[in-house]
Amino acid sequence: MSPRRTPVDTAVTAPRAGATHRVHLTAAGVSLVLDVTDGRIPAIVHWGAALGVSGGDGPTGTAREPGTAGEPGTAGGPEPPNRSAALGAAALDALCEAAVDVVPNNAVDVPVRLGIIPQQCDGWIGRPGLTGSRADGSGWAPRLVTRSLHLEGRPLTEPHVETGPARLRVDLADENLGLAVALDIELLESGLLRLRAALTNTLETPYDLDELTLALPVPGDADELLDFAGRWGKERTPQRSRFTVGTHLRENRRGRTGADATHVLHAARPGLGFRTGEAWAVHTAHSGNHRHLAEQINTGTRLLGGGELLLPGEVRLGAGEQYVGPWLYASYGAGLDDVAHRFHRHLRSRPHHVDPRRPVTLNVWEAVYFDHDLARLTDLADRAAALGVERYVLDDGWFGSRRDDTSGLGDWIVSADVWPDGLGPLIDHVRGLGMEFGLWFEPEMVNEDSDVARAHPEWIMAPAPDRIPLESRHQQVLNLSIPAAYAHVRDQMSALLETYDIDYLKWDHNRDLLEAATRATGRAAVHEQTLATYRLMDELKATHPGLEIESCSSGGARVDLEILERTDRVWVSDCIDPLERQQMNRWTSQLIPLELMGSHIASGRSHSTGRLHTLGFRAATAVFGHLGIEWDLAAATEEELEELREWIAFYTSRRELLLTGDLVRADRGESALWVHGVVAADRGSAVFSLAAVGRSAESQHERLRFPGLDPAATYRLRPVRIGPRPSGLTMPPWMTRAAEEDGLLVPGAALTHSGLAAPLLDPEQALLIDISRARCTDHLPGPGGPGDPIERR
Ligand code: DGJ
């Protein structure tokens with residue numbers, strides 16, 4: 001056994017490669033401290049609660065206590081970036097030095113450094129961040145060092161930099177191996193962090209890249225892991241496990257984000273809940289093959305990471321060529337709501353983010369499937385418009401020989417059999433009713449029984465000229481990385497967009513990619529295919545300004561932040577059963593805000609589960625999203641249509657709140673009564689849902705709390721009454737009074753802290769509560785009289 005060593009300072013023992021820089025970025029209650037001692041690879045010394053100090057002799061600031069970012073119990077807006085929340089150079093140095101580990105027995109002779117790209121040359125014995133090689137076998141063990149840093153495009157000359165949200169570019173190189181990496185690190189206004197690496201081959205000989213994965217350290221006591229799995233019709237099912245030695249590796253080889261996507265991988269201190277537990281989370285923003293990982297080595301060091309999953313030979317860099325990896329987004333927060341809010345605030349801050357007045361949509365899929373008939377479809381449009389629907393989407397089946405799912409896919413020409421006069425009569429009718437028009441496409445796919453596949457079998461993705469992958473939903477993948485195939489699809493789509501007044505594309509993608517290669521060469525092409533899809537979306541949006549795109553993939557198999565850079569909503573799942581949607585919507589919103597989630601009211605009996613639900617439960621579930629209808633309205637009763645009209649009116653009157661407010665989830669995730677709501681940014685109004693998702697072992701539910709509201713304000717609570725009373729509804733006295741009178745005034749502190757007695761509901765029933773801040777002329781109820789006037793606030 002080797003003798004025990006004393007700790008050593010890296011500055012003494014590490015090879016001196018370049019200048020030392022220490023950078024502290026802080027925003028919205030989050031700090032990131034980056035150490036580039038002696039020009040070594042950047043290592044994250046701290047990613048978590050804001051570190052800035054206030055008062056004393058240090059620089060002033062408004063830093064929060066660790067673990068309070070986002071303030072559990074409130075949904076207030078993000079803390080403004082605070083450029084004065086600085087530590088000072090000495091403290092920054094001390095922080096970086098204090099993070100240098102001891103050298104344990106039988107280990108390398110200097111403290112191990114976990115770089116953002118982990119490497120063996122720094123003593124890291126876990127998964128390396130960058131692997132690849134040249135034909136002679138060299139290049140697999142890089143030693144990247146920092147060559148320069150730029151902050152917001154300006155070279156960094158100072159050794160210490162502290163600032164608010166900012167973009168940092170670190171240029172790294174291993175000159176001997178001919179590798180250069182441009183690493184972008186961005187702390188956004190929301191406190192969300194994102195990182196991306198681009199690798200350039202600087203030698204003449206080709207470099208085969210196997211993997212480029214970025215890593216972020218998390219504390220050694222972040223013992224809990226939470227990520228997601230699922231399948232068709234049951235996307236984003238949460239799974240929890242312990243963070244132990246080894247790698248929790250989520251590899252995706254589906255060529256799409258996946259119904260079983262990791263979605264968001266969290267590591268958390270014990271007790272992770274919606275509003276409890278300090279959590280660190282990552283999301284790899286990529287719609288092709290990708291990975292997420294949580295790794296612990298035997299020193300106890302833990303990390304979260306992610307990157308693209310490259311197939312063998314997929315990325316071969318010639319001289320001077322560059323590979324750009326996906327963004328790895330990282331969110332820190334106190335509880336799951338706080339983690340989610342950072343993603344939401346970032347998405348909402350983008351200039352191209354959707355208008356919250358999203359049109360109520362009718363999608364005809366579950367109403368007619370492939371049975372396209374002009375009279376029936378115009379009748380559906382009439383019924384929809386009469387209810388207040390604002391957008392009409394014609395789904396699969398309008399083109400080529402597509403009368404079922406076995407043929408015609410890929411022939412984007414209106415079927416003369418079914419639509420002898422083209423789509424014009426339907427579109428004119430829809431527009432005449434004041435609705436927008438949307439059309440379904442599946443641009444990356446073909447049936448073998450299609451004109452395009454017959455004319456160009458070489459465009460089908462396949463591992464060899466004489467082999468073809470297994471069919472899935474009778475279809476194959478069209479290789480958009482072949483320029484002629486790309487141009488063919490683009491031109492057919494553009495022709496339709498030019499001929500007709502189309503506002504919206506439902507962009508579907510109904511199969512995993514198996515053996516997905518360029519058929520003529522056998523070379524894997526998922527990477528190129530993914531980029532070509534992005535290009536095609538970007539090009540169509542650029543040439544058709546205002547066009548919206550929905551990302552659909554057999555339901556919700558393409559939900560990620562990169563597809564959402566060029567699409568305007570996702571279809572959460574093909575399963576519209578509201579009980580299932582309570583779960584899927586709840587967890588889809590861990591990454592994306594409600595306005596990006598397609599959320600429909602379907603027929604009473606679910607087409608995917610066979611369960612029967614009341615319209616009240618279906619609608620109360622669906623209004624927390626971008627609302628749509630997917631139901632053969634001709635089969636609905638007059639009572640149902642009247643109730644549906646009221647739900648749509650309720651939604652349109654509240655949608656700006658629902659689609660801009662902060663999502664809060666107020667139950668503990670274990671009870672039979674799920675409580676979630678949306679609170680306006682100014683905390684002046686909210687809508688909450690009480691949804692019975694099962695039966696409880698206790699005869700009463702826990703008290704209801706409504707986080708996010710202002711404890712110092714007074715609110716009026718009104719149970720929303722649309723349609724028949726929910727079955728089994730037994731109201732506590734406060735609710736009865738609120739229902740009988742014009743709502744009930746309740747102090748904010750009672751809502752946020754002490755809580756209100758919960759009603760009883762039969763399973764699969766829901767009740768909404770409308771909440772608004774009381775006006776100064778309102779009075780709190782007194783025992784007998786009108787009560788005390790509300791203090792002016
Ligand atoms: C799968 C989608 O998720 C459905 O909504 C529908 O568009 C079908 N594809 C059409 O084939």
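**Aromatic rings, charges and confidence**

Author: Trp398, Phe399, Trp412, Trp440 and Phe441 form one aromatic cluster. The model is predicted, with local features needing pLDDT of at least 70 and side-chain atom pairs counting only at pLDDT 80 or more, while totals for chains, interfaces and linings use all residues. Residues are numbered from 1 along each chain as its sequence is written, and side-chain values use heavy atoms, with hydrogens and water left out.

Reader: How many aromatic pairs does the structure hold?

Author: Rings of Phe, Tyr and Trp (its six-membered ring) pair if their centres lie within 6.5 Å, and planes under 30 degrees apart count as stacked, over 60 as edge-to-face and the rest as tilted. By that rule, the structure holds a total of 15 aromatic pairs.

Reader: Why is the pair of tyrosine 392 and phenylalanine 437 stacked?

Author: The ring centres of tyrosine 392 and phenylalanine 437 lie 6.4 Å apart, and the pair is stacked because the planes meet at 20 degrees. This pair links distant parts of the chain, 45 residues apart, with tyrosine 392 in strand S23 (residues 391-394) and phenylalanine 437 in strand S24 (residues 436-441); helices (H or I, at least four residues) and strands (E, at least two) are DSSP runs, numbered from the N terminus. Both tyrosine 392 and phenylalanine 437 are buried, where buried means under 20% relative accessible area, exposed over 50% and partly exposed in between (1.4 Å probe, protein chains only). The value behind the stacking is the angle between the planes, 20 degrees.

Reader: How many degrees lie between the planes of phenylalanine 399 and tryptophan 440?

Author: Phenylalanine 399 and tryptophan 440 are both buried. Phenylalanine 399 belongs to the loop between S23 and helix H6 (424-432), whereas tryptophan 440 is in strand S24, 41 residues apart. Their rings form a stacked pair, 5.9 Å from centre to centre, and the angle between the planes is 5 degrees.

Reader: Is leucine 673 buried or exposed?

Author: Leucine 673 is placed in strand S35 (residues 673-679). Leaving aside residues up to four places away in sequence, leucine 673 touches Asp667, Leu690, Ala691, Ala692, His701, Leu704, Ala758 and Leu761, a contact being heavy atoms within 4.5 Å. With a relative accessible area of 3%, leucine 673 is therefore buried.

Reader: Where do aspartate 379 and arginine 383 lie?

Author: Aspartate 379 forms a salt bridge with arginine 383, their closest N and O atoms being 2.9 Å apart; a salt bridge is a side-chain nitrogen of Lys or Arg within 4 Å of a carboxyl oxygen of Asp or Glu. Aspartate 379 counts as partly exposed at 28% relative accessibility, and arginine 383 counts as partly exposed at 29%. The two residues are four apart, about one turn of the helix, and both lie in helix H5 (residues 374-387).

Reader: Over which residues does pLDDT stay under 50, with 27 contacts beyond four places in sequence?

Author: The predictor's confidence in each residue is given by pLDDT, from 0 to 100. The mean pLDDT of the protein is 92, and 92% of its residues reach 70 or more. Where pLDDT is low, the predicted coordinates should not be read in detail. The stretch for which the model has those 27 contacts, with pLDDT under 50, is residues 1-16.
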